[in-house]
Amino acid sequence: MSTTLDKTINNESLKSLLSQAVEYARANGADQVEVASSNDKGYSVTARLGEVETVEHHNQRSMGVTVYRGKAKGSASTNIVTAEAINRTIDSALEIAKFTAEDECSGLADAELMANDYPQLDLDHPWAIEPDQALQQAIRCEEVARDDKRIVNSEGASVSSISTQLVYANSHGFAGEYRGTRHSISCSVIAGDDKGMQRDYWYSVDRNADNLEDIESVGAMARERTVRRLGGRGLKTCSAPVLFEPTLARSLIGHLISAISGGALYREASFLLDSLNKQVLPKWLTITEDPHMIGGLGSVPFDNEGVRTQSRKVVENGVLQGYVLSSYSARKLGMQTTANAGGVHNIRMNDSGKSQQELIKAMDKGLLVTELIGHGVNTVTGDYSRGASGFWVENGEIQYPVEEITIAGNLAEMFMNIGAIGNDVDGRGNIQCGSILIENMTIAGGS
């Protein structure tokens, strides 16, 4: 006999509502079930050339349900989170599961891995600022960025504030909830001279608005980064050290994470197949994952499957210690989940104790990369080739801006040839690192 959820939610929490949804799915034929809901509220405003460009208000709630009949899986979602809508969504998922082939690796994460006692990570810091005030801040930010006659146009300045509630429940009896905020300020402007135009930007992001860079600093940095690119030249093809500034260095570590992620590994689509317990980075380099970092942008008490997260060393002294796995990819590989359903959480690493300026001096002659263009990265072979621009360095000092060049290498070799990591750590993302110096790469320019 079918049961139904109450048609009125009253004042029950969403966490309680999702637990009821799990009961409904089990009563109607699901052997296992998981339900997740997110609710984003906030706004983003943009000013351009001193005028209001956009004002966007966000209030989006969505819910997804996955059911398992044996090892057959069915999924459905809705953005109407009411009892009736949840009923219909679960019914749809159950119907889909009737026609889905069984997969022995499917199913919930193991019950003993659930985060039944999870930490509070200080992620929720609402910003007491109204959209009108935010617009004035955006206008001021752009005003500072345009305070140079060489700035000829603007792509605008933006201020945003988003609050998120995440709730997850499954048929193991686990139900968890956490809230977080994300506030940001950004600005992008265009400079020009008789040789052409250049664009650059800057931004600040944090869970706590008190930790954001001030408006004037963001605008000034956007201006300075843009103006310094004027007068860019080409380069002759050569081999030389390449220093990636922090905003780009994280992409290199991102390629490493992609190569050791379960989906790439069980599909045998990674240049780091069978690399566990083998050296993949220089011996002095250790990479950690710290999901319980207080206030971190990538901090979570549990992953997308309710598995408890914990700190670990991904790479220790250059040796790969673990992959990045969800429960499904772990089963495909005959391993256990690493609580990475949904991605990694606060990737950090030790540095060489030197500033970017000190690394430039130590490099003596080479390329400082400040922008990457295109997507020429093959994670199956490790081949790396991307358009770039930045600054040419000689005698340990920046000489002039360069553009219309390509940098190329192989990621496996590039990782082993990391000569240093700067202490100029960029903490504005899930991967936090300083400038990365690759000791040798091919730089393709003119003949």
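**Reading the sheet and its helices**

User: Where does helix α1 lie in this structure?

Analyst: In this predicted model, helix α1 (residues 14–27) lies across β1, β2 (51–69), β4 and β5 (175–193). The helix runs at about 140° to β1.

User: And which strands does helix α2 touch?

Analyst: Helix α2 (residues 83–97) packs on the sheet and touches β2 and β3. Its direction makes about 150° with that of β3.

User: What is the strand order of the sheet?

Analyst: Strands of a sheet pair through backbone hydrogen bonds, in either a parallel or an antiparallel manner. Here the sheet is open, has 6 strands in the order β3-β2-β1-β4-β5-β6, and its pairing is antiparallel. Because β3 (72–78) and β6 (196–206) each have a single partner strand, they stand at the edges, and one side of each is left without a neighbour in the sheet. From one strand to the next, the twist averages 20°.

User: How many bridges join β1 and β4?

Analyst: Strand β1 (residues 32–48) pairs with strand β4 (residues 151–170) over 14 bridges, in the antiparallel sense. As one example, Lys41 has Ser163 in β4 as its bridge partner.

User: What span should helix α3 have?

Analyst: At 1.5 Å a residue, the 15 residues of α3 (residues 131–145) should span 21 Å. The C-alpha atoms at its ends are 21 Å apart, so the two values agree.

User: Which residues of α3 are buried, and what covers them?

Analyst: The buried residues are Pro131, Ala134, Leu135, Ala138, Ile139, Cys141, Glu142, Val144 and Ala145. Their cover includes β1, β2, β4, β5 and α4 (215–227).

How values were computed
Residues are numbered from 1 along each chain as its sequence is written. This is a predicted model: local features need pLDDT of at least 70, side-chain atom pairs count only at pLDDT 80 or more; totals for chains, interfaces and linings use all residues. Side-chain values use heavy atoms; hydrogens and water are left out. Two strands pair if DSSP finds at least two bridges between them. Helices (H or I, at least four residues) and strands (E, at least two) are DSSP runs, numbered from the N terminus. Axes are lines fitted to C-alpha atoms, for helices over the stretch in contact, and angles run from 0 to 180 degrees between N-to-C directions. Contact means heavy atoms within 4.5 Å. The expected span of a helix is 1.5 Å times one less than its number of residues. Buried means under 20% relative accessible area, exposed over 50%, partly exposed in between (1.4 Å probe, protein chains only).
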